[in-house]
Amino acid sequence: MDITPDTIRTTVDTLFDREVAFLTELVRHPSLRGAERSAQDFIAEELGDCGFEVDRWEVRTEDIAGLPGYSAVEAPYTDAPNVVGALRSRTRTGRSLILNGHVDVVPTGPLDMWAHDPFAPEVSGDWLSGRGGGDMKAGLASNLFALEALRMLGQRPAADVFYQSVVEEECTGNGALACLQRGYRADAALISEPFSEHLVSAQVGVLWFQVHLRGRPTHVAYAGSGANAIEAAFPLVAALHELEADRNAPERRHSEFADAEHALNLNIGKIVGGDWASSVPAWCSFDARMGLFPGEDLAELKAAIEETIRVAAAAHPFLANSLPEITYFGFAAEGYALADDARPTTRAAEVALRTAHQTAAGAELELEAITATTDARFFGLYADTPALVYGPKAESIHGFDERVDLESVRRVTQTTALFIADWCGLEGI
Ligand SMILES: [Zn+2]
């Protein structure tokens, strides 16, 4: 059979029920951070069935802790293996490729806020519901079934292709970093994160930090003589929001975010403190997330945060004598801008994706700068590899009733298969 864009697209269609079944089963595995094992077992088995050489290993902190891009973690990786499936070319006449996706999902939040069980996916019309359905198990499905469609046509990429299913994207990116450390490299990477079939031109960096306050416990009847550690956090949060406003000022913005009013967001994501209602709380800690532009330095942002906390604490009657402590766990992620990378390989990868998208979607590829991070930075910043972030349309990722548009998944699978055929070339199996 002649291999044409049409036969590739039709074969994706033929396999689409299988692809949706794969995605449904994958969403059933509640692969919350630190509990990715069962989902990874499922993927490793599917890769084996589809003819990949499967590499499955436990991420070890000591292997990656000294590398650029590493983020400190508290949780172990004992239930979070990484999985890579390799398809090795016989001829190696084309350009090699990494297809990357993360298998971890963010917490569900209160289950009574969901219309459906987040781990019992349901299809309704064009939508498949469930935590991780969009972010980004649909991308893991499109990456796999793009290659599977080529296999059904008796074809294989004419360059090595590595299918990566990585852990812990949502709070560090150490899963992707561990793949680099293990030696996986290619001429380009495609990460099928759910950004509405747009190509991500730039992404912000993300820093997580924790602020710890100590008060003085006293009976609430004498609260005036105590120091309320919870209430003392409020002026610190207000000061951090002032820092946030300063850092979003128009003259500080990266060019890809010039029109973004508020690209860098401070989020106070968690607060704990105190012991019960009738004691002035002696302790309080809050966890925060702050963004930074591509090209900005994490150490400089940390220094600005520390100075902001120090100045705000010095103006507080109690905290001035009991300075808060700041620690860093989770994301220490620099920003990354594909748009800043003018190398010929990068432009060629973008053109190949543009052409594939035009064929599958019948529309021009749109570019988008995003105010979140992805694993693209590991390829782009630390491995000299252009990283294309392009995936299906999803809604409520990180929210309640997350869902993904299946027709969009189908188009992205077609685009991915066409992109692989162009970028890598094809050879007979
Ligand atoms: Zn994601």
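Me: What should I keep in mind before I start?

Reply: The model is predicted, so local features need pLDDT of at least 70 and side-chain atom pairs count only at pLDDT 80 or more, while totals for chains, interfaces and linings use all residues. Residues are numbered from 1 along each chain as its sequence is written, and side-chain values use heavy atoms, with hydrogens and water left out.

Me: Which strands pair with E2, and in what sense?

Reply: Helices (H or I, at least four residues) and strands (E, at least two) are DSSP runs, numbered from the N terminus. Two strands pair if DSSP finds at least two bridges between them. Here E1 (residues 53-58) runs antiparallel to E2 and is joined to it by 6 bridges. E2 also pairs with E7 (residues 161-166), again antiparallel, over 5 bridges.

Me: Is E2 mostly covered or exposed?

Reply: Buried means under 20% relative accessible area, exposed over 50%, and partly exposed in between (1.4 Å probe, protein chains only). E2 (residues 81-87) is mostly covered, with 7 of its 7 residues buried. Pro81, Val83, Gly85 and Leu87 are buried on one side, and Asn82, Val84 and Ala86 are buried on the other.

Me: How many salt bridges does a search of the whole structure find?

Reply: A salt bridge is a side-chain nitrogen of Lys or Arg within 4 Å of a carboxyl oxygen of Asp or Glu. The search finds 27. One of them joins glutamate 148 and arginine 18, at 3.2 Å from N to O. That pair links distant parts of the chain, from helix H5 (residues 133-152) to helix H2 (residues 16-28), 130 residues apart. Glutamate 148 is buried at 2%, whereas arginine 18 is partly exposed at 37%.

Me: What does the bridge between glutamate 197 and arginine 411 tie together?

Reply: The closest N and O atoms of this pair are 2.9 Å apart. Glutamate 197 lies in the loop between strands E8 (188-191) and E9 (199-203) and arginine 411 in helix H11 (residues 406-423), so the bridge ties together parts 214 residues apart in sequence. Glutamate 197 is buried at 8%, and arginine 411 is partly exposed at 28%.

Me: Where does aspartate 384 lie, and is it buried or exposed?

Reply: Aspartate 384 meets arginine 343 in a salt bridge of 3.9 Å, N to O. Aspartate 384 sits in the loop between helix H10 (376-382) and strand E17 (387-389), and it is exposed at 58%.
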